[in-house]
Amino acid sequence: MPKPILPPPLRRLLCHGLTIACLGTSIAGTTWAASTTRDPVASLSRGDAALIGDLERRTFDWFWQSADPETGLIPDRFPSKGGAASIASVGFGLTAYGIGTERGYVSRREATARTLRTLRFLASRPQNDGVDGASGYHGFYYHFLNARTGTRFAHWSELSSVDTALLMSGVLFAQSYFDRKNADEAEIRRLADMLYRRVDWPWMRAHGPWLDMGWTPSGHFIQSDWKGYNEGLIIYLQALGSPSHPLSASTWAAWTKTYDTQWGTFQGRTLLNFAPLFGHQYSESWVDFRGIQDDWGRTHHVDYFQNSRNAVYAQRAYAQANPSSWKDYGANIWGLTACDGPGDAQVAVDGRSRHFLAYSARGAGRDYVLDDGTIAPTAAGGSIAFAPEIVVPALQEMRRRYGDRIYNQYGFVDAFNPSFRRDGHYWADDQQLGIDQGPILLMTENWRSGLVWKIMKRNRYIRAGLQRAGFEGGWLQKPVPVSTVMANAETGERHD
């Protein structure tokens, strides 16, 4: 019996459900560091510096130019016409606007207006249990929305806990970034507070203490929970930090107990494995885990940042080993994560029948390996804050070797596959995805200035979530200076 053909967004949901050393290394005289007072790009060669600056600007432009001018919603993929808006893309976009302001790509007034328009629209959309006509329910949002109406895009679109958390990450960033006393920025803070407080996290528990992955009006809760190490870090931190609908502090310990099968050695690195690199990037795009540890980290003598650094090095080592003999893999051509692909096809490559995939959660780790020769630039680019000394050469080599087929007005395309060839050409995507553009932009800026991490350290809800989860040490022990504490959501006045 043939397998049913699922819409690409539903395949992406299934990928989520089924897949479940500090910097400072000196390389050839260059010191690599994240979040220092001096932009590390200044220490790069002229060519490397030009690439990173150009890539950051082009990736920002993807968010700025793809957003609907009336609603502020951002598409799942672009350039495309008539497609769905992704609430995760919106979360990355709301964060992008602060980066664009600080980099001088747009003015603060422009970023304020865009953010306010987006939050007003999100707050105005109906929330109910209807099959059609709602944006979400219990404060959660459907994974995909109609970009013009802000309501559920299609019946296959689920109420998504992780995508809501990615949206709320951007909402909370906006709440803490826009800290001036003028009326527009005060309204941003008020709306952000309302949207976050409205999320009813306990309602999303269907099976024991863990959060469910999603819900549909017809099928009710999805039969998959957030267990095991993955991008769920940011979901549970937000749920623990909620002032209105929090989960019990014991939830974190219950969740980390499900890590056991993922801890071990892969490609010579001992780490908490999650095969696709997006699982290491999403939460850490907003939260600086350097030097802070929960009970699990203290027991294993590692923090999540160091763990992700190990994951990046292990995946590069996998590409160098290249056990499946894919074309071009090596020290500077690597990167597996959830991404587009050439399509579900069986193709002869050098006399050998090879199976290729469409959108899939590609990855390499102790937990599993799924590899069809498709490289996702976001796998490397979104890891730049973890291991810039191997990421920058990889980005430069991909740009040099493959040229404009994989690098266009919005930076790197979502994916390409040198082994899959038709009509004399290897396969290259012609679009970018918001959930893959986001880590490139946010983590590049975190490496360069620490901006997103610094802003999120001000946010009382993120700090509360970390503390209730048992994180201690590092920056979390330092009081937030009065001059940088989040402004009161209602009055715009600062407080301790």
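**View 1. Helix α14 and the residue that follows.** Helix α14 (residues 434-448) holds 15 residues and spans 21 Å from first to last C-alpha, close to the 21 Å expected at 1.5 Å a residue. The expected span is 1.5 Å times one less than the number of residues in the helix. Helices (H or I, at least four residues) and strands (E, at least two) are DSSP runs, numbered from the N terminus. This is a predicted model: local features need pLDDT of at least 70, side-chain atom pairs count only at pLDDT 80 or more, and totals for chains, interfaces and linings use all residues. Residues are numbered from 1 along each chain as its sequence is written, and side-chain values use heavy atoms, with hydrogens and water left out. Of the 15 residues of α14, 15 are buried, so the rest of the structure largely encloses this helix. Buried means under 20% relative accessible area, exposed over 50%, partly exposed in between (1.4 Å probe, protein chains only). Gly450 follows α14 and has a positive phi, near 75°.

**View 2. The salt bridge between Arg448 and Asp39.** The closest N and O atoms of this pair are 2.7 Å apart. Arg448 lies in helix α14 and Asp39 in the loop between β2 (30-31) and α2 (46-66), so the bridge ties together parts 409 residues apart in sequence. A salt bridge is a side-chain nitrogen of Lys or Arg within 4 Å of a carboxyl oxygen of Asp or Glu. By this rule the count is 26. Arg448 is buried, at 10% relative accessibility. A network of salt bridges links Asp39, Glu56, Arg103, Glu445 and Arg448.

**View 3. The salt bridge between Asp68 and Arg148.** Their side chains meet at 2.8 Å, N to O. Asp68 sits in the loop between α2 and β3 (77-78), and Arg148 in the loop between β7 (144-145) and β8 (159-160), 80 residues apart. Asp68 is buried, with a relative accessible area of 11%.

**View 4. The salt bridge between Arg362 and Asp372.** Here the closest N and O atoms are 2.7 Å apart. Arg362 counts as buried at 0% relative accessibility. Asp372 is buried too, at 1%.

**View 5. Tyr97 in helix α3 (residues 87-103).** Tyr97 has 0% relative accessibility and counts as buried. Leaving aside neighbours within four places in sequence, its contacts (heavy atoms within 4.5 Å) include Phe60, Phe63, Trp64 and Arg114. The C-alpha atoms of Tyr97 and Ser107 are 9.4 Å apart, and the two residues are 10 apart along the chain.
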